[in-house]
Amino acid sequence: MVGLKTEWEIEPAPRECTLAEYKGAEARWCPGCGDHSVLSAVQKMARDKQIPPERIVVVSGIGCSSRFPHYMSSYGFHSLHGRPLPVACGVKSRRPDLHVFAVSGDGDCCAIGAGHWVHAIRYNMNITILMLDNSIYGLTKGQTSPTTRLGRASSTHPHGSPLPPLNPLTVTLGISNVSFVAQTVDWNPPHLSATIRAAHDHEGASFVRVLQRCPHFTGDVYADALEDRSQVLLMEHPDGIVLEPAMRERLKNRVDHDPRNLGEAFQLAARTDVYPVGLFYRNPDAVRYDLVTAHGLGKTPSEKLGAIEEAIERFAI
Ligand code: SF4
């Protein structure tokens with residue numbers, strides 16, 4: 001039974017959504033690419049939460065991970081290089097009922113998109129930001145990215161990257177009005193899923209850096225953590241990312257961290273001797289710009305058109 005909700009919106013009948021309903025085109029990432037794990041985790045979370053696919057919008061920029069919207073059976077927007085966040089904020093500002101995900105890479109987010117990254121975090125709209133960090137430009141064949149390690153050779157720096165890498169975690173934690181910062185890894189599906197779920201649960205801009213394997217260009221970058229689990233430091237707290245006991249036991253290197261403690265979050269995020277995973281920081285009281293600017297959302301299409309014409313008249317020279 002389908003009924004009209006408004007004069008232009010149709011409300012589908014309630015139904016049980018299966019995993020298959022979230023799957024779009026066959027993913028064309030390389031075999032072993034960490035992007036596959038993230039896609040699977042998002043699809044399973046949407047199924048587990050029974051978010052109707054037509055209520056999901058996935059926005060991306062340019063890069064390997066930015067092919068994400070094609071592989072989801074949902075609304076999507078494969079935008080310009082570095083521009084997923086302004087598009088995602090625009091969608092959220094006018095359609096707060098939709099579940100908005102922004103998928104970006106280290107080059108897309110931290111280089112050309114850096115200005116948008118800073119302001120999207122500050123605006124703190126209710127969107128889930130997944131930054132898949134393989135520490136290289138993969139799609140364009142292996143150039144140095146902002147997170148490429150010092151001394152690592154690439155097609156643009158054959159003698160090694162001359163600069164220390166940018167730390168996306170400490171940068172995000174330093175932005176005014178930040179409300180959620182977490183880190184996870186693509187090779188631990190339970191932790192990856194729990195982190196993405198917590199990010200989606202958070203009401204505000206949730207920033208998740210996913211350490212993502214790129215076997216084609218940077219296969220060795222996270223090899224130390226894969227070979228030796230003690231290289232991964234699990235941050236624990238009842239208000240953090242909570243793992244099943246069996247999964248928690250597999251990560252022996254653990255530390256208590258209260259995600260309200262911003263100073264300690266900085267210290268943990270700056271560590272280079274281990275890979276900290278879990279929730280660095282959460283502030284549920286940060287101002288949300290999507291709530292501040294939620295004007296006129298209930299207007300009819302003809303009222304909206306009238307308001308636009310009135311504004312054009314007012315500003316016409
Ligand atoms: Fe994944 Fe790297 Fe292949 Fe891109 S080049 S699809 S990041 S493995």
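How exposed is Y123? With a relative accessible area of 32%, Y123 is partly exposed; the class lies between buried, under 20%, and exposed, over 50% (1.4 Å probe, protein chains only).

The model is predicted, so local features need pLDDT of at least 70 and side-chain atom pairs count only at pLDDT 80 or more, while totals for chains, interfaces and linings use all residues. Residues are numbered from 1 along each chain as its sequence is written, and side-chain values use heavy atoms, with hydrogens and water left out.

**Aromatic pairs**

A pair of aromatic rings is described by the distance of the centres and the angle of the planes. Here rings of Phe, Tyr and Trp (its six-membered ring) pair if their centres lie within 6.5 Å; planes under 30 degrees apart count as stacked, over 60 as edge-to-face and the rest as tilted. The count by this rule is 6 aromatic pairs. One of them joins W29 and F68, which are tilted, at 6.2 Å centre to centre and 50° between the planes. W29 sits in the loop between β2 (10-11) and α1 (35-49), and F68 in the loop between β3 (56-60) and β4 (75-78), so this pair ties together parts 39 residues apart in sequence. Helices (H or I, at least four residues) and strands (E, at least two) are DSSP runs, numbered from the N terminus. W29 and F68 also belong to one aromatic cluster with Y71.

W29 is buried at 8% relative accessibility, and F68 is buried at 1%. A tilted pair is also formed by Y123 and Y289, whose ring centres are 4.5 Å apart with planes at 45°. Y123 lies in helix α4 (residues 114-123) and Y289 in helix α10 (residues 289-292), so that pair links parts 166 residues apart in sequence.

| Residue | Relative accessible area |
|---|---|
| W29 | 8%, buried |
| F68 | 1%, buried |
| Y123 | 32%, partly exposed |
| Y289 | 36%, partly exposed |

**Ligand shell**

W29 is also one of the residues around the ligand, with C30, C33, C64, N134, Q212, C214, P215, H216 and F217. A residue is near a molecule if one of its heavy atoms lies within 4 Å of it. By class, the shell has 7 nonpolar, 3 polar and no charged residues.

**Cysteines**

The structure holds 0 disulfides, a disulfide being a pair of cysteine sulfur atoms within 2.5 Å. For C89, the closest cysteine sulfur is in C109, 12 Å away and therefore too far for a bond. C89 is buried, at 10% relative accessible area, and C17 is buried at 3%.

Conventions:
Ala, Val, Leu, Ile, Met, Phe, Trp, Tyr, Cys and Pro count as nonpolar, Asp, Glu, Lys and Arg as charged, and the others, Gly among them, as polar.
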